[in-house]
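Thanks, everyone, for making the time this morning. I would like to walk you through one model, and I will begin with a single helix before I widen the view.

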Amino acid sequence: MQGQRHAEIAGAGLAGLAMAAALGKRGWSVRVHERGHELREIGAGIMVWANGLAALESLGAREEATARAEPLQFWELFDERERLLQRDWMHPESNDLFGILRTDLHRALHNAALRAGAEIVTDSQVASAAADGTLTLRSGERLKADLVVGADGVNSRVRSTIGIPTRVRDLLDGCGRHLIPRRPTDIKGSVHEVWDGGRRVGIVPCTPDEVYVYMCCPIQDIEGREQTFARDTWIKSFPHLGDILERIPDGGRWASFADTKVETWSRGKVAVVGDAAHAMSPNLGQAACMAMCNAVALGQALDVTDNDVRKALEMWERSERPITDLTQRYSRFYGAIGTHWPRRLLTARSALVWGIARSPRLQRHINAAAYHTPSIDSRGASNGHAKTAVPA
Ligand SMILES: Cc1cc2nc3c(=O)[nH]c(=O)nc-3n(C[C@H](O)[C@H](O)[C@H](O)COP(=O)(O)OP(=O)(O)OC[C@H]3O[C@@H](n4cnc5c(N)ncnc54)[C@H](O)[C@@H]3O)c2cc1C
């Protein structure tokens with residue numbers, strides 16, 4: 001009979017809390033270290049697809065996360081001439097895409113982690129990790145664990161100190177995110193994304209009272225990035241969205257997009273999860289969904305290996321990494337078309353997107369992550385993965 005296994009987790013963002021809930025539910029003792037003074041989630045809204053919802057369900061957090069969220073039936077994309085280019089590209093089936101307030105999602109995962117028995121310590125900064133399962137805090141305290149998880153974001157300290165070779169690639173674009181008060185005339189039950197050159201505005205209803213608006217542009221668009229919000233320049237690009245843009249508050253923060261490419265997801269008894277392992281541009285709304293799925297999948301791999309950490313980590317990466325890498329690539333591709341396309345060729349872009357949206361094969365690939373539910377079995381394969389048609 002095995003004694004109780006113990007995990008130390010760096011970071012109480014969406015990935016760290018999902019990991020804590022997944023391990024706690026399996027009887028592990030879990031401690032999460034958050035460097036912040038309090039737990040908080042930066043950003044406004046978030047889109048959570050079927051795979052993310054299934055992960056939330058399995059962690060016991062779906063009901064709370066979606067209690068006042070908006071189910072979204074369509075994701076509609078319009079070009080600068082207000083033509084509908086696609087509503088099939090990322091076609092949600094009924095009730096499998098939600099617009100959720102970030103704070104609601106974070107709170108639901110926090111509560112799930114607490115219910116699963118996790119201890120969450122704030123003002124606790126991780127300084128380093130070692131492959132033998134040692135986590136060292138900035139205070140100098142050294143903690144031993146059967147499993148250490150780096151869920152400490154794109155600039156992960158855990159990842160760098162265990163020496164996983166990594167390339168963080170600046171995607172040369174980014175976005176501002178805002179919540180605006182909702183009006184009865186605002187869109188219901190769907191996402192509208194509108195493109196004008198390299199600028200994109202997304203409108204996502206996410207509670208009965210709030211609409212989440214994201215505004216993407218390339219890094220060289222200085223006016224677009226301005227976060228004493230340069231309302232006039234955005235209204236000039238999107239005059240028909242004046243009613244929305246006038247409600248954007250001043251201030252806010254422009255987040256740049258980056259891809260993290262790591263050589264491996266683990267070393268010895270240490271794993272990285274979430275943005276620490278696979279940060280990606282948010283164009284497909286998948287980075288957090290995949291982080292939650294991968295946390296669930298690691299729990300499954302520990303189950304089937306009877307908590308043999310090294311075997312489980314190997315099995316986990318072999319099973320879940322292909323779909324994660326593929327999603328990162330498609331997300332980057334979407335950004336390249338949406339943000340970095342030459343202005344003189346916009347008509348060709350509209351034609352290309354219109355064509356892509358009508359290819360069932362491409363749609364299947366672009367949507368692969370959304371319909372991937374990890375279920376690692378004793379052969380080390382995720383059944384969900386086997387169901388999706390994923391190109392090499
Ligand atoms: C504009 C934008 C829109 C997005 N939209 C979507 C979407 O619609 N759908 C979707 O699925 N994803 C979306 N994402 C992606 C998603 O937000 C991220 O993938 C997700 O939040 C990453 O969570 P994480 O826990 O891995 O990292 P983080 O959120 O970065 O959390 C890391 C945590 O670790 C803590 N930490 C860091 N270093 C240390 C340390 N040394 N010691 C202790 N604690 C530490 C930090 O304080 C933080 O709390 C979007 C991202 C952006 C930028």
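This is a predicted model: local features need pLDDT of at least 70, side-chain atom pairs count only at pLDDT 80 or more; totals for chains, interfaces and linings use all residues.

The buried residues of helix α2 are covered by a set of elements that includes α1, β3, α3 (62-66), β7, α4 and α10. Helix α2 itself runs over residues 50-59, and it is mostly covered, with nine of its 10 residues buried. Those buried residues are A50, N51, G52, L53, A54, A55, L56, S58 and L59, and just after the helix comes G60, which takes a positive phi of about 75°.

The buried residues in α4 are R102, D104, L105, H106, A108, L109, H110, A112 and A113. Just after α4, G117 takes a positive phi of about 95°.

Now to the ligand. Which residues are closest to the ligand? They are G11, G13, G153, G274 and A287, out of 33 residues that surround the ligand. The elements that give two or more residues to this shell are α1 (14-25), β3 (45-49), β13 (166-181) and α10 (287-304), and of the shell's residues the largest share, four, comes from α10. In composition, the shell divides into 16 nonpolar, 11 polar and six charged residues. It also draws on both domains, with at least three residues from each of domain 1 and domain 2.

That brings me to the domains themselves. The protein is divided into domain 1, which consists of 6-71 + 90-169 + 257-387, and domain 2, which consists of 171-256. Their C-alpha centres lie 26 Å apart, and the contact between them takes 23 residues from domain 1 and 22 residues from domain 2. On the side of domain 1 that touches domain 2, at least two residues are supplied by each of β3, β4 (70-71), β7 (97-101), β17 (254-262) and α11 (309-339). Helix α11 gives the most to that side, with four residues, and the residues there divide into nine nonpolar, eight polar and six charged.

Let me also pick out one residue, G174, which is found in strand β13. Is G174 buried or exposed? With 24 C-beta neighbours inside 10 Å, it counts as buried, the cut-off for that being 20 or more. Leaving aside its neighbours within four places in sequence, G174 is in contact with C216, I219, W254, A255, S256 and F257. G174 and A258, which are 84 residues apart in sequence, are 8.7 Å apart in space, C-alpha to C-alpha.

Finally, the protein as a whole. It has 14 helices and 19 strands, and its C-alpha trace spans about 65 × 45 × 40 Å along the principal axes. For 392 residues, a compact globule would have a radius of gyration near 21 Å, and the protein has 21 Å, which agrees. Buried residues make up 49% of the 392, and among contacts between residues at least 6 apart in sequence, 74% join residues at least 24 apart.

Definitions and conventions. Residues are numbered from 1 along each chain as its sequence is written. The radius of gyration is taken over C-alpha atoms; the globule rule is 2.2 Å times the number of residues to the power 0.38. A residue is buried if 20 or more other C-beta atoms lie within 10 Å of its own, exposed if 12 or fewer, and partly exposed in between; C-beta atoms are placed from the backbone. Two residues are in contact if their C-beta atoms, placed from the backbone, lie within 7 Å. A residue is near a molecule or strand if its C-beta atom, placed from the backbone, lies within 6 Å of it. Ala, Val, Leu, Ile, Met, Phe, Trp, Tyr, Cys and Pro count as nonpolar, Asp, Glu, Lys and Arg as charged, and the others, Gly among them, as polar. Domain bounds come from an automatic or database domain assignment.
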